[in-house]
Amino acid sequence: MKNILEYDAVEMSENGRDLIVLDQSVLPAQQKFLHLTTAEQMFYAMTLLKVRGAPLLGITAAMGLAVCMNRFKTKSVPAFEKEFLRVKHYLYISRKTPINLTWALDRMERCFYSGLEELAGTDSEEDMVRELKLRLTAEARSIKQEDTRMCLDIAEAGLAVLRAGAGILTYGNAGHLASSHYGTALGPIYHAQHKGYMPRVYACETRPGMEGARLTAFELMKAGVDVTLVCDNMVADLMSRGKVNVVFLGCDRVAANGDVAAEVGTCSIAIIARHYDIPCYCLTPTSSIDFETASGREIEIEQNPAFEVTERFFDKPVSPKGVKVYNPTFDITPASILTGFITEKGIVKPSKLATLKG
């Protein structure tokens, strides 16, 4: 079996006409790749969490938009522009909270209009359309390549807070499956393993989506990392026994004041770490920082379907039929209880987050 780092969770075919994604909704039981060719398929892949993780959603949206435009047949620049904006908006509304998705699509739009301006003197509209397709494809690939470099830089920065044999607790999944390479929260763990630090990882199961149990434990084991799966309500016990030296958390969006929107339950982990005086870091690329949103109170939180809580992953429903269910996708972790942010630009305290702008 291949090491998890030997294949990508999302890739664009060589000819730019297919989006190939690892279906994360069926992991770890199956390793199934989907070939997506339409905006509708990409939309549902993201909304149904076949593709997930803030950085990966941005890559998926950018590459998906490029694939749709490569498949769109027209010799008319106005028709091409109309379809570009339609697909861009359609993918834009697939997920509300992860900022990387909107960031990547807005970048693709800038690429489109800068190309349109530069090619304005082209005699043939057909040639313009062909060149625009090439530029959009190149831009989407660049977004993924830049994400890979960011992940590696985050991994290098995070290594500074680790020692040999460190006990690391993580929540949700912010690893290779959520990005183009190492990931964010798991990046320093992979880097530490490569350096011979032999980290010990405690992966929380992450109810109700079980991303920690299904995905984090899966990819860490595939990479040969020492990982122990724990129920979410075992964190305080672990920390009280001195088994955790540092907490690494991922995120979907960071507000300008440092408040973090992340997998629901993240805030609880940070509060417990604060109580036991254990360093707690949010690992994020700067593309996940939303400087236009003042605080976490302004971030819209998506709601997931009730069946996730009552019956998903169980042979039979585990609760009374018709019970009301509250199931937010994310919660907000206040900046005040975080030790700092580990980014591709280094480690900063929450109060210094503004220094990363621009």
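**Exercise 1. Arg130 and its partner**

Task: Is Arg130 buried, partly exposed or exposed? Which side chain does Arg130 meet in a salt bridge?

Solution. 
- Step 1. Take the cut-offs: buried means under 20% relative accessible area, exposed means over 50%, and partly exposed lies in between (1.4 Å probe, protein chains only).
- Step 2. Arg130 has 43% relative accessibility, so Arg130 counts as partly exposed.
- Step 3. Define the contact: a salt bridge is a side-chain nitrogen of Lys or Arg within 4 Å of a carboxyl oxygen of Asp or Glu.
- Step 4. The side chain of Arg130 meets that of Asp127, at 2.7 Å from N to O.
- Step 5. Asp127 is partly exposed, at 37% relative accessible area.
- Step 6. Both residues lie in helix α5, three residues apart, about one turn of the helix. Helices here are DSSP runs (H or I, at least four residues), strands are runs of E (at least two), and both are numbered from the N terminus.

A note on the source: this is a predicted model, where local features need pLDDT of at least 70, side-chain atom pairs count only at pLDDT 80 or more, and totals for chains, interfaces and linings use all residues. Residues are numbered from 1 along each chain as its sequence is written, and side-chain values use heavy atoms, with hydrogens and water left out.

**Exercise 2. Aromatic pairs**

Task: How many aromatic pairs are there? Is the pair of Phe43 and Tyr90 stacked or edge-to-face?

Solution. 
- Step 1. A pair of aromatic rings is described by the distance of the centres and the angle of the planes.
- Step 2. Apply the rule: rings of Phe, Tyr and Trp (its six-membered ring) pair if their centres lie within 6.5 Å; planes under 30 degrees apart are stacked, over 60 edge-to-face, and the rest tilted.
- Step 3. By this rule there are seven aromatic pairs.
- Step 4. Phe43 and Tyr90 have 4.6 Å from centre to centre and 20° between the planes, and the pair is stacked.
- Step 5. Phe43 is in helix α1 (residues 39-47) and Tyr90 in helix α3 (residues 77-92), so the pair ties together parts 47 residues apart in sequence.
- Step 6. Phe43 is buried, at 13% relative accessibility.
- Step 7. Tyr182 and Tyr190 have ring centres 5.7 Å apart and planes at 40°, so this pair is tilted. Both tyrosines are buried.
- Step 8. Find the cluster: ring pairs link Phe80, Phe84, Phe112 and Tyr113.

**Exercise 3. Cysteines**

Task: How many disulfides are there?

Solution. 
- Step 1. A disulfide is a covalent bond between the sulfur atoms of two cysteines. The cut-off is a pair of cysteine sulfur atoms within 2.5 Å.
- Step 2. The count by this rule is zero.
- Step 3. Cys111 is in no disulfide, and the nearest cysteine sulfur, in Cys68, is 16 Å away. Cys111 is buried, at 12% relative accessibility.
- Step 4. For Cys204, the closest cysteine sulfur is in Cys231, at 9.3 Å, too far for a bond. Cys204 is buried, at 0% relative accessible area.

**Exercise 4. A sheet**

Task: In which order do the four strands of the open sheet lie? Which are the edge strands?

Solution. 
- Step 1. Two strands pair if DSSP finds at least two bridges between them.
- Step 2. The order is β11-β8-β9-β12, with mixed pairing.
- Step 3. The edges are β11 (289-290) and β12, each pairing on one side only.
- Step 4. Strand β8 (residues 253-255) pairs with β11 in the parallel sense, over two bridges.
- Step 5. Ala255 stands opposite Asp290 in β11.
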